[in-house]
Amino acid sequence: MWFKNLYFFAFTRPFEWSEEDLEKHLSEHLFTPLGSTELAHFGWINALGKHGDSSVHSASDNFLICARKEEKILPAPVIKDMVEQKVNLLEQEQGRGATKKEREQFKEDIIFELLPRAFSRITDTHAYISPVNNIIVINSSSRGKAEDLLALLRKVLGTLPVTSFDPDICVDETMTTWLSEKSLGGKFTLGMEAEFNALGDDGAVVRVKNQDLIGDEIQAHLDADKYVVKIALEWDESLSFILCDDLAIKRIKFFDVIQEKNDDIDSDDVVAKLDADFALMAGELNRFIIDLLAEFSMKTTDPLEKD
């Protein structure tokens, strides 16, 4: 239940679907297992997995949802080799090369032949919607998978006006300033990990770990015109994370003092524990995102279209 990586987006118009409306729309596109000759399926599952019975779980005005993707794994080199075998056979039998259309047909036939024997890979992606804070938060380390979930949600709702946050000053410039001017304030403190890039397409890349980020060695990298693209931070004595230059959040670790707040809930009541953990996590993440955006002079409501 505890999210580990975040991509978060803002609505450009208020999210006005109720829990019941959202449940109705998601139930029209539920996940179904792949058939033997199908390549991929993508749909919604119970928000609480096997412990739930609905596609939407609501707690403290946040809506938890989960998308499942099942896809067959077909190694590209194997398909390529099998296509070449068919092409070579055609050349031997007919004394000519294969046309582009024939190659494409060979590939389609091979995929269809291999699908029943292929292994499946299943990926679940959780997200929650916070209408009050005007954001959708997706638990994914891949922007592509996050955007896949947004696309699926847009498909079932008919529209999903969302956008990425775009600070006036580039994120990498602000992160670099935090180190060069030691200007990081508020509830954030520096960790001991960072990644620097030098200017230019062929510029050097420097990664440091277990390193004091305000020491002379780091300053030397900054003096050499390297800029920060990733940085380890801690927030409000509640969690640690890696901030990337696209505002993606990686490797979130909630501190024990947060997770222990729900220790008094009966561990045998799984649903109650999941509900409490989600409410606690979403509340912390909402505050965290608001504070993080403030460091870039932004609010979660900034992207809302003005009348």
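In the protein chain, residues 24 or more positions apart account for 68% of the contacts with a separation of 6 or more. Please keep in mind that this is a predicted model.

The protein chain has eight helices and twelve strands. Its C-alpha trace spans about 75 × 55 × 50 Å along the principal axes. Of the 307 residues in the protein chain, 43% are buried.

Now the helix contact. Two packed helices are described by the angle between their axes and the distance between the axes. The two I picked are helix 5, residues 171-180, and helix 6, residues 216-223. Their axes come within 10 Å and cross at roughly 135°. Helix 5 is therefore oblique to helix 6, since an angle has to be over 145 degrees to count as roughly antiparallel. The crossing of helix 5 and helix 6 is left-handed.

Which residues make the contact? From helix 5 they are Thr176, Leu179 and Ser180, and from helix 6 they are Ile218, Gln219 and Leu222. Sorted by type, the residues of this contact are three nonpolar, three polar and no charged.

On to the aromatics. A pair of aromatic rings is described by the distance of the centres and the angle of the planes. How many aromatic pairs does a search of the whole structure find? The search finds eleven, and I will go through two of them.

Another pair is Trp178 with Phe296, with centres 5.7 Å apart and planes at 55°, which is tilted. Trp178 belongs to helix 5, while Phe296 lies in the segment after helix 8. Trp178 and Phe296 are both buried.

Last item: Phe188, Trp235, Phe241 and Phe288 form one aromatic cluster.

That is what I have; questions are welcome.

Methods
Residues are numbered from 1 along each chain as its sequence is written. This is a predicted model: local features need pLDDT of at least 70, side-chain atom pairs count only at pLDDT 80 or more; totals for chains, interfaces and linings use all residues. Side-chain values use heavy atoms; hydrogens and water are left out. Axes are lines fitted to C-alpha atoms, for helices over the stretch in contact, and angles run from 0 to 180 degrees between N-to-C directions. Helices (H or I, at least four residues) and strands (E, at least two) are DSSP runs, numbered from the N terminus. Angles under 35 degrees count as roughly parallel, over 145 as roughly antiparallel, 65 to 115 as roughly perpendicular and the rest as oblique. A crossing is left-handed if the near helix is turned anticlockwise from the far one by less than a right angle, and right-handed if clockwise. Contact means heavy atoms within 4.5 Å. Ala, Val, Leu, Ile, Met, Phe, Trp, Tyr, Cys and Pro count as nonpolar, Asp, Glu, Lys and Arg as charged, and the others, Gly among them, as polar. Rings of Phe, Tyr and Trp (its six-membered ring) pair if their centres lie within 6.5 Å; planes under 30 degrees apart count as stacked, over 60 as edge-to-face and the rest as tilted. Buried means under 20% relative accessible area, exposed over 50%, partly exposed in between (1.4 Å probe, protein chains only).
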